[in-house]
Amino acid sequence: MVFSSIPFLFFFFPICFILYYAVPFSWKNGILLLFSLIFYTWGEPRYIVILLFATGVDYINGRLMERYGTDKKIRTVFLCSSVVINLSVLAFFKYADFIISTINMIFGTQIKPLGLSLPVGISFYTFQTMSYIIDLYRGTIQAEHSYPRYLTYVSMFPQLVAGPIVRFADVQKEIYARHIDGEEVRRGILRFMMGLFKKVLIANQVGALWEEISSLGAGQTSVATAWLGALSFTLQLYFDFSAYSDMAIGMGQMLGFHFNENFNYPLTAVSVTDFWRRWHISLSTWFRDYVYIPLGGNRRGIAKHLRNIAVVWFLTGLWHGASWNFVLWGVYYGILLALEKYVWGIRLEKLPGWLRHAYALFIIVFGFVIFAITDAGKLITYIGLLFGLKGNCAADSRCLWYLYNYGVELTAACVLACPVYPWIRRKSEQLKGGVGILVSGIGYMMGAALLLLSVAYLVNDTYNPFLYFRF
Amino acid sequence: MSIQDKIRKITVILYCVIILGLTVLFFVFPKEEFSQNENRYLAKFPELSRETYMSGEYMDALSEWFSDHFPMRDWFMGYKTAFEIATGRREIGGVYIAKDDYLIEGYATPVNTQRICDTFRKFYEKTDKSTVDTNLMLIPTAVTIYRDKLPALAPKADQTATAKEIYDRTGIPAIDCSGKLYEAAPSGQLYYRTDHHWTTFGAYQGYVAYCEAKDLIPVPLEDFSSQKVTEEFAGTLYSKVNDYHHVKDDIVVYTHPDDRLTVTYTDTGEVTDSLYNMEYLAEKDKYSLFLNNIHTLVEIENANAQSEDVLVLIKDSYANSMVPFLAHHYRKIYVFDTRYYKQGPSDFLAKHSEVTDVLILYNMNTLDNDSGIRGIY
């Protein structure tokens, strides 16, 4: 099920939360688990088996690890069993066809692809359960004794299908006991609504623009149009993804959980290094803590450091989708990060701020073109169009037409990609007396209008994609 | 608690009221079966079975049911459109919000031209050219003839080049009415403002072009008796855009006083003396009044026709409003809807030696996706 849909918003969401608040605390985890399983089985009932299997494996390995706690070798066996099984399941369902098509391409063989559909959220929950078992191995957390409780953690619907990747250590205490506070619930609702508006009113709209531009013929795409397309996709992905995180964090708050922030205005980064501190934080810290640092990070000389960067960014790319363009996208960032670290990082810091923003934004937007287009031929063509190498003109009236039609959405997206909204809220909360009432009053009228507008867009659903089926 | 906090609390309550209110309304409101505005049947509540559940079909159908029966659905769609137009959107769902209150459907890049040419050519090759005179008319739509009315900066799509390609590749003698349409543009309304069809005035220009190509003498428009049958026509484009304040269209129908018609709908067995079914005026889709909407095969006989010629018409709905003019010149017209006529017009021609003329008439905008093309040959 998708958060930004009529069935979720008007049936699942109210019924789930009314029941959740109505029952005594000892039942709350049960309700949460029940609704999470309904949520997961809504689109693809079969794959619930994989979710149960993956969590079962980690739960059992966790218990066994706890029982044979003192012997490091035995613990390692359980760790390996868990990690190998998790990664095999992920590899089979997500990467089998990718591996087959790559083998076919290299060796000219004719192996038939399996054509499996990707279990929703598998990349997210596999990483969650692996973080549990690795943390347990390291001794930073206690093993969970109740399988339903462990399943509740992994399958918790707000974060199940599109992150953030919540670690057991962060929510373990709240799984046992949490305080559901009226103020927190209200904040959660506001956060959820913010996410809904971002997804429906901005991400879907700029996404429709990208859809339109990317399906134009090469002869119809001027350089300006091509860049407008690339910018639209960048904004779509950011707003879509961060909206999902907003909705997840908001619903988490409504349930009494506190998930970590997943985005921190990544499009305002001043360098590639900075961008990855701000973009999909739960994923980059996961790779940092479970791959990069165990490999030695940057503490074992330049050669090992470069190897570690290469490994992490190859995997980061691959995580985003079973296609070579995602790997290329990861490697692209790996190289740029290495260059910032060893070549121009210090010089970059001396540049004026606007230039550093421009530098980072150029890399980000260009990078998302690699991310957006899975077909190699089309990708090369589009890059050609971006730099006017296809004999296309610099700008045309079509580009202006798009700007005119999508101007409001694009402007709103660009403004909200900067930390303007928190600034407005802070300032308006400081306002006293009549002005304060007026500003807040306008704010809440606007909120209600935006909610009705979002509903209107959902009822008339022309374009409402779920981008994470690849992840 | 500060005032800001109180207002924030009110906002949250308002959100909850909206969500819960609409949920309650959903269950309280009666469910419609048919949407007049969209001219389609709304989704039915799906039946649960093991297969549909496991394949996910059941949930998809349920989602569609939720969204089709959402309370105040039409209001929400209108709200969305009003907002989009206010933010500068001049194209909604492939329809341009054009000048002079016109809604003009955009022309998508055709993808089936090759297949369409092959079908037309095969049909034409099979006709006996010594006894039957075949012509092809591809009618340009408003996006071409009224391109000056398109919103500023709107990308121009070229129907003319596609039409020329089809004319050339099929080899069927072409009747191009675009010149007549351009000529007549200043003196009347060629296309509906809210619908993708041409008006009867537009259809008359097509008829004149046809007559000139066939050496027939077109009847002056004044010689027909005209009747304005509605001022409240809100067509398909109106439903796509959902701008409820948009102006509506008139429909004017023409009849020749001398014609004595017998119209037989072979699929239903109904026989009338008129080419119009005014019962459709009570419905949303008023264009259906021409030739009584959709029929597999309609036979039109005119006891007072100008000639003994017999015409076979293979066409889309654009022809429905041109037939009243053509009827004056033919003793009998066979009107095929090849979406439903499965035996193939070629066989029909082989069995009916009285046929003297064949006209294939399609509009350029829906040609590419017309499911009736396959039925021609």
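How many residues does the contact take from chain B and from chain A? The contact takes 40 residues from chain B and 42 from chain A. Two residues are in contact if their C-beta atoms, placed from the backbone, lie within 7 Å.

This is a predicted model: local features need pLDDT of at least 70, side-chain atom pairs count only at pLDDT 80 or more, and totals for chains, interfaces and linings use all residues. Residues are numbered from 1 along each chain as its sequence is written, while chains are lettered from A and ligands numbered from 1 in the order in which they are written.

**View 1. The side of chain B that touches chain A.** Helix α1 (3–28) of chain B is one of the elements that supply at least two residues here. The largest share, 16 residues, comes from α1(B). Helices (H or I, at least four residues) and strands (E, at least two) are DSSP runs, numbered from the N terminus.

**View 2. The two domains of chain A.** Domain 1 covers 6–178 and domain 2 covers 184–459. These bounds come from an automatic or database domain assignment. Their centres, taken over C-alpha atoms, are 26 Å apart. The contact between them takes 23 residues from domain 1 and 22 residues from domain 2.

**View 3. An open sheet in chain B.** Three strands run in the order β3-β4-β5, with antiparallel pairing. Two strands pair if DSSP finds at least two bridges between them. β3 (91–92) and β5 (103–105) stand at the edges, each with a single partner strand, so one side of each is left without a neighbour in the sheet. In β4(B), B:Y96 is the bridge partner of B:E91.
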